[in-house]
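Open the structure in your viewer and follow the stops below in order. Each stop gives a selection and says what is found there.

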Amino acid sequence: MVDQQGEQESYKIILAGFGYTGKTSLVRKYTDGLFNEAYVATLGSDFIVKRIQRGKKAVDLNLWTLQGQCDITTVPSVNFRFADAVVIVFAINDDKSMLVLDQWRQKAEEIVSTDTIFALVANKCDMKRMQEKNLEDMAGNFYDLYFQTSARTGEGVDSLFETVTDMIVAKQASRTGKSPGFKLRQPSIRRRKTSTGFSC
Ligand SMILES: Nc1nc2c(ncn2[C@@H]2O[C@H](COP(=O)(O)OP(=O)(O)OP(=O)(O)O)[C@@H](O)[C@H]2O)c(=O)[nH]1
Ligand SMILES: [Mg+2]
């Protein structure tokens, strides 16, 4: 969302995916720099705002995390309404979290606009993988961005949120024809969404 002056911007970024994959931990690491070994499952959804500076603009990131320990069919797609970006998280040491990626993405796609950015995140990169999969291939053709992160070590965490933010800014700038007003961070991997998928 952008105000008329274009000075103050607010973006809605939603983290979703299987339970215990580290969605809340990623947000906590990014907002507070903290990591908690203890697991406290999110109930329903959680929300925190982080204000960051991009050039001369203050940008409020509205960071939502959704409960993952649930039957996806019971999750209302309205949770994803007005999302500027949807970040689907899996854990590299948890096969189950990979198998439900499509379901979470499709749930979000039921309601988001075509401009919404989709990012795939392979979290817990400090742990041993369950399978020798090419994790990058997991992104298939459905995601605009792909990241490998560890909420424990902090690897890739700032890059995740900053690159997603910059991609939102870039899309808005291209829509309005205005310059974003600062140098955009370049995504390391960028994919186009198409109708073909990937299989786990
Ligand atoms: N080793 C390691 N552990 C992690 C990482 N991220 C999260 N964890 C741990 O994994 C557990 C689950 O983390 P959460 O952030 O609560 O996971 P969640 O996806 O928010 O879970 P739900 O709220 O149930 O959907 C916690 O015990 C965290 O300490 C990581 O990158 N590496
Ligand atoms: Mg959580």
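This is a predicted model: local features need pLDDT of at least 70, side-chain atom pairs count only at pLDDT 80 or more; totals for chains, interfaces and linings use all residues.

H1 lies across strands E1 (8–16), E2, E3 (57–66), E4 and E5, and runs at about 35° to E2.

Next, show the sheet by itself. It is an open sheet of 6 strands with mixed pairing, in the order E2-E3-E1-E4-E5-E6. Strands E2 (45–54) and E6 (145–148) stand at the edges; each has a single partner strand, so one side of each lacks a neighbour in the sheet. From one strand to the next, the twist averages 20°.

Pick Arg54 here: its bridge partner in E3 is Lys57.

Select Leu15 to find its bridge partner in E3, Thr65.

Now select E4 (residues 85–91) and E5 (residues 117–123), which pair in the parallel sense over 7 bridges. Ile88 stands opposite Leu120 in E5.

Finish at ligand 1. Select the 24 residues that surround it; Gly22, Thr24, Ser25, Thr42 and Gly68 are the closest. Which element gives the largest share of the shell around ligand 1? Helix H1 (residues 23–32) does, with 3 residues. Coloured by residue class, the shell divides into 13 polar, 6 nonpolar and 5 charged residues.

Definitions and conventions: Residues are numbered from 1 along each chain as its sequence is written. Chains are lettered from A and ligands numbered from 1 in the order in which they are written. A residue is near a molecule or strand if its C-beta atom, placed from the backbone, lies within 6 Å of it. Helices (H or I, at least four residues) and strands (E, at least two) are DSSP runs, numbered from the N terminus. Ala, Val, Leu, Ile, Met, Phe, Trp, Tyr, Cys and Pro count as nonpolar, Asp, Glu, Lys and Arg as charged, and the others, Gly among them, as polar. Two strands pair if DSSP finds at least two bridges between them. Axes are lines fitted to C-alpha atoms, for helices over the stretch in contact, and angles run from 0 to 180 degrees between N-to-C directions. Two residues are in contact if their C-beta atoms, placed from the backbone, lie within 7 Å.
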